[in-house]
Amino acid sequence: MAIENMEFLNPFFTSSEMIFRLVRFATAFAIGIILTRLTATTLSKRVLDLKKYSTHRISNIIQLIGFSVSLVVALEAGQFGNLLTVVGTLAAALTVAIGFGMREEVANYVAGIFIHMQNPYVKGDYIKIGDEQGRVKEIGMRATVLNESTRSDVIVPNSKIDSNPVRNYTRGTKNYASIIVSVDNEDVQQAEEILLESASSMEKILERPEPEVKYLEIEEKVKIKLNYTVKGSPVDTRSRIISEFNRKAVEAEIYGKDEEEK
C-alpha cells in the first residue's frame, strides 16, 4: 500500500536532470559540513583558555551556522532555489525516508540539533541517561557515545536522550551520594570511624553538610551507610573512599564488604 501511494514520486526520481541536481546538492552539502567541522575544531583549540562549556557552546554555534549555510549553498548548487521546490523536495525526501523505516534516524538527527543548542553536557562529563551511564566520549548529530567504567563504549541514540531525563554529575555544583558497607557487630564503632576518616580525606567532599553515618540493618552483620556531598562527579570519589576504607580496615583487622545500594 505504501509503495502504491508513493508512485507519484517516480517522475521525480527517474529524471536524469533531477538526479544530477541531487548529486550536486549532496556534494556541496558534504563539503560544507567538512569545512564547518574543520573551522569548529580550529577555533575551539584557539579558545582553550575559556571554560570547557564556553568552548563547547562556541563549537555548537559554529556547527549550527555552518549546517544552515551549507544547506542554503547546497540548495543553490542543486538549483532548488524556489521555496516551493525546496519544500516539495524536502517533503518528498522525508516521505521516502519514513516510508523506508528511517523514522528513528530522522528523530535522532532532530534530537541532535536540540542537544547541540541546549548544551546539556560536553565531552568529559559523567552523565546518566535511563539505565546507561558513563563519561561522554563523543557527541554526534545522530548519537552520543559514553565510555563506561568497564572501558566499553555505549552508543546512545539522541532520540532516547531527548525523551529521557539526563543527570549530569559533572556539571552540578554538588551531588549527594552514599556508600554502604557491612561489618561484624563488634567492629561497628571502628568501621564507622574509618568511614568518616576516609571521607574527610577526600578533597572534593564538602564539609557542609558534613558526612554522616546511619545504621540500616543490625543482625549478624551490620550495614552502615555513609552519606556525603561531593563537588562534581561522585563516581571517582566513591571508588577512592572504598579503596581507602578497605586499606584501613585491613590494617585494623576488620572485615568490611561494600554493598551496592538498591
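Q: How many residues does helix α9 have, and how far does it reach from its first C-alpha to its last?
A: The expected span of a helix is 1.5 Å times one less than its number of residues. Helix α9 (residues 234–251) has 18 residues and reaches 26 Å from its first C-alpha to its last, close to the 26 Å expected at 1.5 Å a residue. Helices here are DSSP runs of H or I with at least four residues, strands are runs of E with at least two, and both are numbered from the N terminus. This is a predicted model, in which local features need pLDDT of at least 70 and side-chain atom pairs count only at pLDDT 80 or more, while totals for chains, interfaces and linings use all residues. Residues are numbered from 1 along each chain as its sequence is written, and side-chain values use heavy atoms, with hydrogens and water left out.

Q: Which residues of α9 are buried?
A: Buried means under 20% relative accessible area, exposed means over 50%, and partly exposed lies in between (1.4 Å probe, protein chains only). In α9 the buried residues are P234, T237, I241, I242, E244, F245, K248 and A249. Seen down the axis of α9, these residues fall within an arc of 165°, so they line one face of the helix. The arc is taken over the directions from the helix axis to the C-beta atoms. On the face turned away from the buried side, α9 carries the exposed residues V250 and E251.

Q: Which residues are linked with R247 in a network of salt bridges?
A: Side chains of opposite charge can pair when their charged atoms come close. A salt bridge is counted when a side-chain nitrogen of Lys or Arg is within 4 Å of a carboxyl oxygen of Asp or Glu. The network links E197, E244, R247, K248 and E251. R247 forms a salt bridge with E244, with the closest N and O atoms 2.8 Å apart, and another salt bridge with E251 at 2.9 Å, N to O. R247 is partly exposed, at a relative accessible area of 41%, and E251 is exposed, at 58%.

Q: How far apart are R247 and E251 in helix α9?
A: An α-helix has 3.6 residues a turn, so residues three or four places apart point the same way. R247 and E251 are four residues apart in α9, about one turn of the helix. R247 and E244 are three residues apart in α9, which separates them by about one helical turn.

Q: Which residue follows α9 with a positive phi?
A: The residue is E253, with phi near 60°, a positive value in a residue other than glycine. E253 is found in the loop between α9 and β9 (257–259). With a relative accessible area of 73%, E253 is exposed.

Q: What is the order of strands in the open sheet?
A: Two strands pair if DSSP finds at least two bridges between them. The open sheet has five strands in the order β4-β3-β2-β1-β5, with antiparallel pairing. Its edge strands are β4 (153–157) and β5 (166–168), each pairing on one side only. Neighbouring strands are turned by 40° against each other on average, direction ignored. Axes are lines fitted to C-alpha atoms, for helices over the stretch in contact, and angles run from 0 to 180 degrees between N-to-C directions.

Q: Which strand does β3 join through five bridges?
A: Strand β3 (residues 143–147) runs antiparallel to β4, and five bridges join the two. V145 stands opposite I155 in β4, and A143 stands opposite P157 in β4. On the β2 side, four bridges join β2 (residues 132–139) to β3, again antiparallel. There E138 has V145 of β3 as its bridge partner. A hairpin of three residues joins β2 to β3. Four of the five residues of β3 are buried, so this strand is largely enclosed by the rest of the structure.

Q: How many salt bridges does the structure hold?
A: The structure holds six salt bridges. One of them joins the side chains of K137 and D153 at 2.8 Å, N to O. K137 lies in strand β2 and D153 in strand β4, so the pair ties together parts 16 residues apart in sequence. K137 counts as partly exposed at 46% relative accessibility, and D153 is partly exposed at 39%.
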